[in-house]
Amino acid sequence: MIRSWVVLFLALVLAVVCAAQAPQSTPSGADASAVAGTVVGTWTLTAAERLLPDGTRVADYGPSPHGLVIFTADGYYSVQIYRAERPRFSSGDKFKGTPEEYKEASLGMSVHFGRYTVDPAKGTITFHIDRASFPNWDDTTQVRAYDLKGNELSWKVPPRPDGSIPITRLRRVR
C-alpha cells in the first residue's frame, strides 16, 4: 500500500516537473524566436541614468542603484529599481514616517509589473502595466525603445517635462 502511494507521489512530482519545463506560449504579438532569444530571463540593473538635453548623463537613482527585472516566457514582467542609499524611517515604523521620509521613499524607487510584448522590428518593448509605485501608471500601456547587445539590455523612457530621458541599463543573470 505504501509502495503504491510512493509510486503515485513520484509520478505526480515527475508530471509537475515536466509541465514546468514545457515550452510556454509567447506574449501576444511577439515573435517566439525574438522573445526567447532576447529579453526572457532575469536581469540585474547596471545603471539608471538620465540623458540631459545637453547630452550629459547623470545618475537618476544615485550612485550604484539596485534593481532587478524579470521577463517570463509567457509574457509577464516585473521591474524594480531602487536608490542604493535610502534613508530609514526614524520611527522604525512605516506607518509613522515624516512627510520627508515618505517623499524620499517614493522618489527612491521605480517599481512596476504586468504583461509585456516585444516588437524586434521596431526595437520596442511595450509594458502593459498592471500596478506601479507611481499610481498614475496603473492600468496604462507604455512603449520603450530598447537596445540589446549580447547580455546587455537597455531602454529609454520618453522625455520627462524637464527634457531629460531616463535610461535603464541591465545585464542578464547567468
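Before I start, residues are numbered from 1 along each chain as its sequence is written, and side-chain values use heavy atoms, with hydrogens and water left out. Since this is a predicted model, local features need pLDDT of at least 70 and side-chain atom pairs count only at pLDDT 80 or more, while totals for chains, interfaces and linings use all residues.

Let me begin with the chain, which has three helices and nine strands, where helices (H or I, at least four residues) and strands (E, at least two) are DSSP runs numbered from the N terminus. Read from the N terminus on, the order of these elements is α-α-β-β-β-β-α-β-β-β-β-β. Of the 174 residues in the chain, 30% are buried, meaning under 20% relative accessible area with a 1.4 Å probe, protein chains only.

Now to the core. In soluble globular proteins, nonpolar side chains tend to be buried together. A nonpolar core here is a set of buried Ala, Val, Leu, Ile, Met, Phe, Trp, Tyr and Cys residues joined through side-chain atoms within 4.5 Å. The largest one holds 21 residues, and those touching the most other members are Phe 71, Ile 125, Phe 127, Leu 153 and Trp 155. Strand 6 (124–132) is among the strands that supply at least two residues of this core, and strand 6 gives the most, with four residues.

The largest pocket contains about 640 Å³ of space, a volume being the space filled by probe spheres set on the points, which are joined across faces, edges and corners. Its lining has 28 residues, with Tyr 61, Met 109, Ser 110, Trp 137 and Arg 160 nearest the centre, and strand 5 provides the largest share, four residues.

The second largest pocket has a volume of about 210 Å³, and among the 14 residues that line this second pocket, Asp 147, Leu 153, Ser 154, Ile 167 and Arg 169 are the closest to its centre. Here strand 8 gives the most to the lining, with five residues.

Notes:
On a 1 Å grid over the protein atoms alone, a cavity is a set of points where a 1.4 Å probe fits but cannot get out, and a pocket is an open set with protein on both sides within 12 Å along at least five of seven lines; lining residues have an atom within 4 Å of a point. Buried means under 20% relative accessible area, exposed over 50%, partly exposed in between (1.4 Å probe, protein chains only).
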